[in-house]
Amino acid sequence: CMPMGGRSRVLDLVSHSSPRSFSVRAPPLFPLFCLGGLGAAMGAKMVAQADAAVVASLEPTPTAAAAKPSSAAGGAAAKLGRQRRRQMEAAERSTSPSGSEADELSSAAASTATPPSSPGSLAESRSPTESGSEEGEGSGSPDRVFRSGSGWGGTRTPCDDFMEKRRTPMSSWQCGRATALPPRVYVDSRTLIREVPDLCTLQRGDHCLIAINFVRAASPRVDYFVSWLGSIEICYLYHHFIVMDDVDHVDESGVPRNSNGDPAMIFECGNTVPEAYQELKSKSKGRPLMLPFIIAHFLVTCKAKFSTHPLADYGDTPHIYIVLDRQTAEERERTVAEALRVQGQHDRYHVLFNNCEHICNQIITGFHKSEMVTTTAWVAFRVLLILFGVLALRMNQDFFHLLDLCYSNFCVDFPKVASDAYLFFTVLPVGLQAMISYFLLMRSVRRKHKQALIDRHELYHLLGKELGRMVVVGGMTIAAIYLTPQIVSNFLVRFVICALAYMVADMVYNCSAHAVMRLVLLPAYGRVWLLGAPMPDGTRNEACGEAEKKVN
């Protein structure tokens with residue numbers, strides 16, 4: 001709205017003040033996001049009202065007898081309707097069979113009816129209204145049959161399908177399988193975990209883990225795929241639970257059972273996608289505008305439930321891991337009793353301060369801690385340091401462009417102070433993390449070897465594997481961070497590459513290590529470490545037994 005002369009003078013000043021191109025600031029997007037969210041909520045409410053109107057229009061209209069009369073004509077119509085109804089009831093009574101005939105008809109119907117053979121058939125034989133009333137949802141929808149399950153609000157769980165033989169688990173659990181993979185390192189670089197090869201080796205009080213799955217029970221194939229990613233160490237987060245029964249056998253339906261024939265139980269703080277959906281649906285009923293806040297509150301403080309349920313719920317998750325630790329029979333009983341106490345009396349779930357790992361560690365060791373939260377906090381802090389380092393280069397470029405002191409790429413991109421700050425905030429944390437993690441692992445591995453929890457070959461395997469991780473992953477990350485400013489000039493691309501370099505390099509190393517171990521070493525040599533004398537079959541158990549006697 002300024003005159004043409006003023007506009008031209010402003011453009012001249014801008015063009016002569018800096019060699020960089022002039023750009024117009026974009027409007028702030030936060031108010032637009034707020035308006036968009038409000039409009040979406042109002043639209044959802046209008047759609048719900050429209051659906052209710054459509055359903056009401058499809059229902060039969062009330063008769064004159066049911067309508068409340070508002071005038072003399074209405075009263076006469078109501079009276080006529082009542083008389084008509086009494087006449088129909090009298091006609092039905094006159095045509096109904098006598099007592100003996102009714103007894104014969106009822107006995108014939110009972111003789112021809114087939115009794116249900118399972119709880120699933122009971123659920124199928126119920127009418128839609130009865131099943132919906134038992135679930136608490138959908139009692140007014142006659143076109144869908146609801147089958148109540150053992151989950152929250154009658155939601156069906158995978159264990160319900162296995163026990164009713166609707167499908168088989170994708171894990172193919174079995175007892176007696178002796179092939180065991182070597183242990184691996186947990187995210188804290190101190191705890192060792194091992195994949196459970198034989199499900200019947202699980203005992204009361206065992207601390208177990210699975211690869212965390214944010215969409216569990218949504219699809220069996222998705223559950224299996226996420227579990228497979230955890231088996232090759234692509235997934236870095238784990239879900240924790242405690243075994244409450246000794247697993248004696250696995251039945252033909254794939255359900256682990258104890259010595260009494262009952263399903264083996266576990267204690268955990270977890271949830272499934274169908275259960276979460278039902279809970280959110282019940283909480284947000286009639287309040288569509290509050291749905292974003294309800295979802296946020298649910299994810300932070302109400303996402304998981306403390307419960308005891310069958311181990312078969314993880315039938316589509318074949319890879320289960322156990323924490324390598326030694327417990328006596330008294331300690332196992334105390335762990336089970338403490339888990340039952342916590343189930344009845346516990347604090348509210350919180351993803352950062354009271355998650356599944358907090359609870360399991362408190363029950364078993366007495367320490368309320370979560371190494372995943374600590375590791376995640378360190379990774380977030382390292383990413384923040386990387387942001388500072390990339391900002392140092394960006395501010396240096398803006399400074400030189402503003403003063404028009406230098407136009408060469410070397411002078412702008414690699415000044416002494418900016419390059420030193422960039423390397424200090426990006427390369428130094430990665431190098432320290434790689435070295436400290438390896439030294440922590442060395443202490444832990446030697447201690448586990450003295451406790452006879454791992455043998456000599458597994459000791460060498462872990463030391464060699466993690467030494468290679470320190471050299472290969474640390475070297476690849478440092479090289480990527482050092483070369484990024486020379487190749488990429490965009491600020492955002494630089495930050496993304498530096499922030500994800502360590503994780504991508506670690507994934508590549510894990511995939512390569514598991515490919516060599518599973519495709520070359522184990523099939524060809526029967527072990528994962530080639531140095532030293534060969535160990536025949538059964539020698540590992542004898543060696544561990546002798547070491548355990550020495551420790552005792």
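Guide: Helix 17 has a kink of about 45°, centred on alanine 501; the bend at a residue is the angle between axes fitted to the seven residues ending there and the seven starting there. The model is predicted, with local features needing pLDDT of at least 70 and side-chain atom pairs counting only at pLDDT 80 or more, while totals for chains, interfaces and linings use all residues. Residues are numbered from 1 along each chain as its sequence is written, and side-chain values use heavy atoms, with hydrogens and water left out.

Helix 17 covers residues 491-525; helices (H or I, at least four residues) and strands (E, at least two) are DSSP runs, numbered from the N terminus. From first to last C-alpha, the 35 residues of helix 17 reach 49 Å, close to the 51 Å expected at 1.5 Å a residue; the expected span is 1.5 Å times one less than the number of residues. At the start of helix 17, asparagine 490 places a side-chain oxygen within 3.0 Å of the backbone nitrogen of leucine 492. This is judged as a polar contact, a pair of N or O atoms within 3.5 Å; within protein, one must be able to donate a hydrogen and the other to accept it, and residues adjacent in sequence count only if both atoms are side-chain atoms. After helix 17 comes glycine 526, with a positive phi near 80°.

Helix 16 (residues 456-487) can be described in similar terms. Its 32 residues should span 46 Å at 1.5 Å a residue, and the end C-alpha atoms are 46 Å apart, which agrees. Aspartate 455 caps the N-terminal end of helix 16, with a side-chain oxygen 3.3 Å from the backbone nitrogen of histidine 457.

The whole structure contains 8 of them; rings of Phe, Tyr and Trp (its six-membered ring) pair if their centres lie within 6.5 Å, with planes under 30 degrees apart counted as stacked, over 60 as edge-to-face and the rest as tilted. One of these is the edge-to-face pair of tyrosine 238 and tyrosine 321, at 6.0 Å centre to centre and 85° between the planes. Tyrosine 238 belongs to strand 4 and tyrosine 321 to strand 9 (residues 321-323), 83 residues apart. Tyrosine 238 is buried at 4% relative accessible area, and tyrosine 321 is buried at 0%; buried means under 20%, exposed over 50% and partly exposed in between (1.4 Å probe, protein chains only). Another edge-to-face pair is phenylalanine 388 with phenylalanine 425, at 6.1 Å and 75°. Phenylalanine 388 lies in helix 13 (residues 371-403) and phenylalanine 425 in helix 15 (residues 416-450), so this pair ties together parts 37 residues apart in sequence. Here the relative accessible area is 41% for phenylalanine 388, which is partly exposed, and 23% for phenylalanine 425, also partly exposed.

Ring pairs also join Tyr186, Tyr238 and Tyr321 into a cluster. The side chain of tyrosine 186 makes a polar contact of 2.9 Å with that of histidine 240, a residue of strand 4. A polar contact of 2.9 Å also joins the side chains of histidine 240 and histidine 207. Histidine 240 is buried, with a relative accessible area of 2%. Beyond four places in sequence, the contacts of histidine 240 (heavy atoms within 4.5 Å) include Glu268, Cys356, Glu357, Cys360 and Met372.

The largest nonpolar core has 16 residues, of which Trp173, Leu199, Leu202, Cys208, Phe241, Leu311 and Ile320 touch the most other members. Strand 3 and strand 4 are the elements that give two or more residues to this core. A nonpolar core is a set of buried Ala, Val, Leu, Ile, Met, Phe, Trp, Tyr and Cys residues joined through side-chain atoms within 4.5 Å. A second, separate core of 15 residues includes Ile242, Met244, Phe306 and Cys356. Leucine 202, leaving aside neighbours within four places, contacts residues including Val196, Cys208, Val243, Leu311 and Ile322.

Aspartate 248 lies in the loop between strand 4 and strand 5 (249-250) and is partly exposed at 44% relative accessibility. Its C-alpha is 5.6 Å from that of cysteine 200, 48 residues apart along the chain.
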